[in-house]
Amino acid sequence: MTTEELQELAVAKVKCNKSLLFHTRYFFVHQYNRKFVVNSHHERICEALDLVLKGKLVKVIINIGPRYGKTEIAVKNFISSGLAINPASKFIHLSYSDDLALDNSEGVKDIVNSEAYKQLYPEVKVKQGSDSKKKWYTTAGGGVYATSTAGQVTGFGAGRVEDDEMDIDDEFLAEYDENIFAGALVGDDLIKPEDANSDVKRTRINQRWESTLKNRVNSRRTPIVFMGQRTHPEDICGYLMQTDGFTYNLDEALNDPTIWYVLALPALIDMGLPTERALWPFKHTLTELHKMREADSQVFDTQYQQDPQPKEGLMYSPFRTYTTLPHDEFMLIKAYIDTADKGKDFLMQWVYLETSTAMYVIDVIYTPLPMSDTEPMSAEQLAKHKVQVARIESNNGGEGFARVVERSEERRVG
């Protein structure tokens, strides 16, 4: 290898050690023969994880939609970068599926075994006979244990065992710094989206964290990084935020390692505002994101906006607004009237334009006034907009209300 090539490798190693984003880009192109397309959200993820690798952040939650590069950065390259810092680092990797966890574990090992990685970090060697995707070791005593969230985690802990001699070779031990990064518990999509709406399955995962998973770190200083899309207000991310406390402010998290630093990255930034834009146009344009939301706003807001709302009580989807009414040959002007029952009930009357593609609300009455006031008010609104079809809810007094309104309207026409 020429002097120039050796210098290039030395520079690349320095840059990889300083920046997880550079590490990701460097090994991605060597692994896949194409560039890793970098966006601002990748930079923010790497900023947080660089602080984890430096020992400044302990508990991190990264919420982002599927297929936005989180696994490549925050699992495969984060773990391979940690092993480069310290070959004795011990990682536990969890995902909702055993297959996904094992595939990610193999992805880490592929990077570590690559020629590009060996050139920069010859001291990181996978132990001979350690070929299992589930559990493999480095010759320095580090390694990766991968399993599903519900799987068994036995005989392996993440991070350094405090006040205990580590199983590393003498050559590495001579240069060992007790403050160096030593591994982490890394979770990626800890619950399947389809399971999140099941109280039983969701609670089982949350309870498993309390009973088993949180005890698999070897030290209070062992970092825990959980990432994935939100799936429910009470999913594992929501549960941890509620029980341990959290902040969206990085400085606050750096000053208090007991709370979770939450990096929430919605696919639609400033949704509904004039500054609205797509998080990653390379992946989803603004138009594509709007179509996805129109198809199912509840799923979109949960998994892509990181704003989970309970399905209970969501009678209506969010309303869109308009500035001009359409011209449609199939237009009808209709009204829906929900009359007030006794007590403190309200009368609600909607007048809307029905077209072949949508309905446009053009006038609303919403009032607690008695029927003596609302009957003429309702008739006036129907006449004003030349309503062609009116549907009146047949609750207590509904039929009588309809007869009075109908007579009032007849008098107006007459």
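1. Let us start at the outward side of helix 13, where Ser372 and Lys384 are exposed. Exposed means over 50% relative accessible area, buried means under 20%, and partly exposed is in between (1.4 Å probe, protein chains only). Helices (H or I, at least four residues) and strands (E, at least two) are DSSP runs, numbered from the N terminus.

2. Before going on, a word on the source: this is a predicted model, in which local features need pLDDT of at least 70, side-chain atom pairs count only at pLDDT 80 or more, and totals for chains, interfaces and linings use all residues. Residues are numbered from 1 along each chain as its sequence is written, and side-chain values use heavy atoms, with hydrogens and water left out.

3. Which residues of helix 13 are buried? They are Thr374, Glu375, Ser378, Ala379, Gln381 and Leu382. Viewed down the axis of helix 13, these buried residues fall within an arc of 160°, so they line one face of the helix. The arc is taken from the directions from the helix axis to the C-beta atoms. An α-helix has 3.6 residues a turn, so residues three or four places apart point the same way.

4. The length of helix 13 can be checked too. Its 14 residues (371-384) should span 20 Å at 1.5 Å a residue, and the end C-alpha atoms are 19 Å apart, which agrees. The expected span is 1.5 Å times one less than the number of residues. Just after helix 13, Lys386 takes a positive phi of about 55°.

5. Now look at Lys76 in helix 4 (residues 70-85). Is Lys76 buried or exposed? Lys76 counts as buried because its relative accessibility is 15%. Setting aside residues up to four places away in sequence, Lys76 touches Tyr32, Thr71, Asn104, Gly107, Val108 and Ile111. Contact here means heavy atoms within 4.5 Å.

6. Asn63 belongs to strand 1 (residues 59-64) and, at 2% relative accessibility, counts as buried. The side chain of Asn63 reaches the backbone oxygen of Gly228 at 3.1 Å. Beyond its neighbours within four places in sequence, the contacts of Asn63 include Arg230, Cys237 and Gln306.

7. Finally, find Val225 in strand 6 (residues 224-228), a residue that counts as buried at 0% relative accessibility. Val225 and Leu185 are 40 residues apart in sequence, yet their C-alpha atoms are 6.3 Å apart in space. Leaving out neighbours within four places in sequence, Val225 is in contact with several residues, among them Leu49, Phe78 and Leu185.

Definitions and conventions: Polar contact = N/O pair within 3.5 Å; in protein donor to acceptor, adjacent residues only side chain to side chain.
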